[in-house]
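Colleague: Hi! Could we go through this structure together for a few minutes? I'd like to ask things as they come up.

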Amino acid sequence: MVSVILPVFNGGEYLDAAIRSILNQSYTNFELIIVNDGSTDNSSDIINAYAEQDGRILVIERENKGLVYSLNEAIAMAEGDYIARMDADDLAMPLRFEKQVKYFLDNDVEIVGGHYLIIDKEDKIVDTCIVPVDPNAIIACLSICPPFAHGSVMFKKKFWQANNMHYGKRFQEAEDYSLWQDFFNKGGRLGNIDEFIFSYRLHEDSFTFRKLKKMNAEVKVLRRIFVKQYKNELHRSLIELAALKSRSLFEDALLLECAYLLTKHCGDMLFFSLLKRSVKKNIGLTIMKIFSGKI
């Protein structure tokens with residue numbers, strides 16, 4: 001069974017669509033745990049209306065305690081073998097759970113995401129995000145940013161429990177990025193489905209917009225810690241990634257950015273040799289990010 005974790009704080013504007021996208025999944029063996037984290041809008045009415053119609057929905061209603069507390073609380077009461085994250089303003093594609101459960105059965109991994117669309121307030125597609133699929137590209141990405149969208153992730157609860165995992169152990173704002181690094185630190189294997197499974201909604205009221213400044217500061221710390229700790233593994237992964245003849249533009253960009261971080265924090269000179277083998281467009285973009293302080 002899949003346990004879907006859906007925290008809500010004043011998410012009434014998009015909540016109905018988010019819940020429907022879960023209830024319309026082709027894979028039906030799930031429970032939906034909704035944490036109403038002290039909402040003052042109409043979120044409670046929407047949640048309770050659905051809970052009365054579908055016995056798979058479990059509701060926690062209380063005062064506001066924040067996202068990290070809500071996530072840990074819901075996972076602690078989850079009964080499923082797999083934990084699926086979901087946010088109140090995003091959409092899960094109908095085959096998402098079916099494809100993720102199948103990926104677990106076919107691959108030896110502890111956590112899986114997938115490509116996602118970026119949509120606006122009116123559900124219009126404004127961009128797409130291709131996540132890394134190659135294992136070496138996933139490791140390289142983990143040194144720079146999360147290798148999947150938080151709300152698209154599914155992971156094994158057994159691994160979570162065995163390793164005493166929790167959100168917010170080290171960082172409160174970049175809690176997802178910190179957690180995926182913790183998965184890797186504990187020996188967890190990360191994977192991504194080479195298909196679109198999720199729609200991420202970008203709007204001015206989204207949590208990401210509101211916490212961006214603090215989150216970026218934490219991301220820089222996480223990058224430095226990870227690169228220093230896994231400098232040898234990252235070097236090997238970049239060498240293997242660079243050897244791929246069919247390397248995508250996205251993988252090429254990851255290659256350069258990760259190599260630069262190795263140079264910056266560990267004195268590894270791989271970055272300069274890779275410049276000769278990378279796409280000119282990515283070289284320019286990477287240099288712009290370096291001088292702007294983004295990496």
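Predicted model: local features only at pLDDT ≥ 70, side-chain atom pairs only at ≥ 80, totals over all residues.

Colleague: Noted. Is glutamine 181 buried or exposed?

Modeller: Glutamine 181 is buried, at 1% relative accessibility.

Colleague: And which residues does glutamine 181 touch?

Modeller: Leaving aside residues up to four places away in sequence, glutamine 181 touches Leu142, Arg170, Leu222, Arg223 and Phe226.

Colleague: Great. On to charges: how many salt bridges are there?

Modeller: The count comes to 11 salt bridges. One of them joins glutamate 73 to arginine 62, with the closest N and O atoms 2.7 Å apart.

Colleague: How accessible are glutamate 73 and arginine 62?

Modeller: Glutamate 73 is partly exposed, with a relative accessible area of 23%. Arginine 62 has 16% relative accessibility and counts as buried, because the cut-off for buried is under 20%.

Colleague: What about glutamate 110, which residue does it meet in a salt bridge?

Modeller: The side chain of glutamate 110 meets that of arginine 189, at 2.7 Å from N to O. Glutamate 110 is in the loop between helix 4 (96-106) and strand 6 (111-119), while arginine 189 is in the loop between helix 7 (175-185) and strand 9 (190-201), so this pair ties together parts that are 79 residues apart in sequence.

Colleague: Are those two, glutamate 110 and arginine 189, buried or partly exposed?

Modeller: Glutamate 110 is buried, with a relative accessible area of 7%. Arginine 189 counts as partly exposed, at 38% relative accessibility.

Colleague: Which residues do salt bridges with shared partners join into one network?

Modeller: Asp37, Arg62 and Glu73 are joined into one network that way. There is also a salt bridge between the side chains of lysine 65 and glutamate 63, at 3.8 Å from N to O. Lysine 65 is partly exposed, at 38% relative accessibility.

Colleague: Changing topic to strands. Which way do the residues of strand 4 point?

Modeller: In strand 4 (residues 82-85), Tyr82 and Ala84 point one way, and Ile83 and Arg85 point the other way. All of them are buried.

Colleague: Do strand 1 and strand 4 pair in the parallel or the antiparallel sense?

Modeller: Strand 1 (residues 2-8) pairs with strand 4 in the parallel sense, over four bridges. Within that pairing, valine 4 has alanine 84 as its bridge partner.

Colleague: And strand 8 with strand 4, parallel or antiparallel?

Modeller: Antiparallel, with three bridges between strand 4 and strand 8 (residues 154-156). There, isoleucine 83 has phenylalanine 155 as its bridge partner.

Colleague: Now the helices. At what angle do the axes of helix 10 and helix 11 cross?

Modeller: The axes of helix 10 (residues 231-242) and helix 11 (residues 249-266) cross at roughly 150 degrees and come within 10 Å. That makes the two helices roughly antiparallel. The crossing of helix 10 past helix 11 is left-handed.

Colleague: Which residues of helix 10 and helix 11 meet?

Modeller: From helix 10, Lys231, Leu234, His235, Leu238, Leu241 and Ala242 meet Glu251, Leu255, Cys258, Ala259, Leu262 and Cys266 of helix 11.

Colleague: One more on the backbone: what is phi of asparagine 10?

Modeller: Phi of asparagine 10 is near 50 degrees, a positive value in a residue other than glycine. Asparagine 10 lies in the loop between strand 1 and helix 1 (12-23), and is partly exposed at 32% relative accessibility. Aspartate 123, also not a glycine, has a positive phi of about 70 degrees. Aspartate 123 belongs to the loop between strand 6 and strand 7 (125-129).

Colleague: Last one: where is histidine 203 found?

Modeller: Histidine 203 is in the loop between strand 9 and helix 8 (207-210). Its relative accessible area is 7%, and histidine 203 is buried.

How values were computed:
Residues numbered from 1 in each chain as written. Heavy atoms only, no water. Salt bridge = Lys/Arg side-chain N within 4 Å of Asp/Glu carboxyl O. Buried < 20%, exposed > 50% of the residue type's maximum accessible area, 1.4 Å probe, protein only. Pairing = 2+ DSSP bridges. Axes fitted to C-alpha atoms, helices over the stretch in contact; angles between N-to-C directions. Parallel < 35°, antiparallel > 145°, perpendicular 65-115°, else oblique. Left-handed = near helix turned anticlockwise from the far one by under 90°. Contact = heavy atoms within 4.5 Å.
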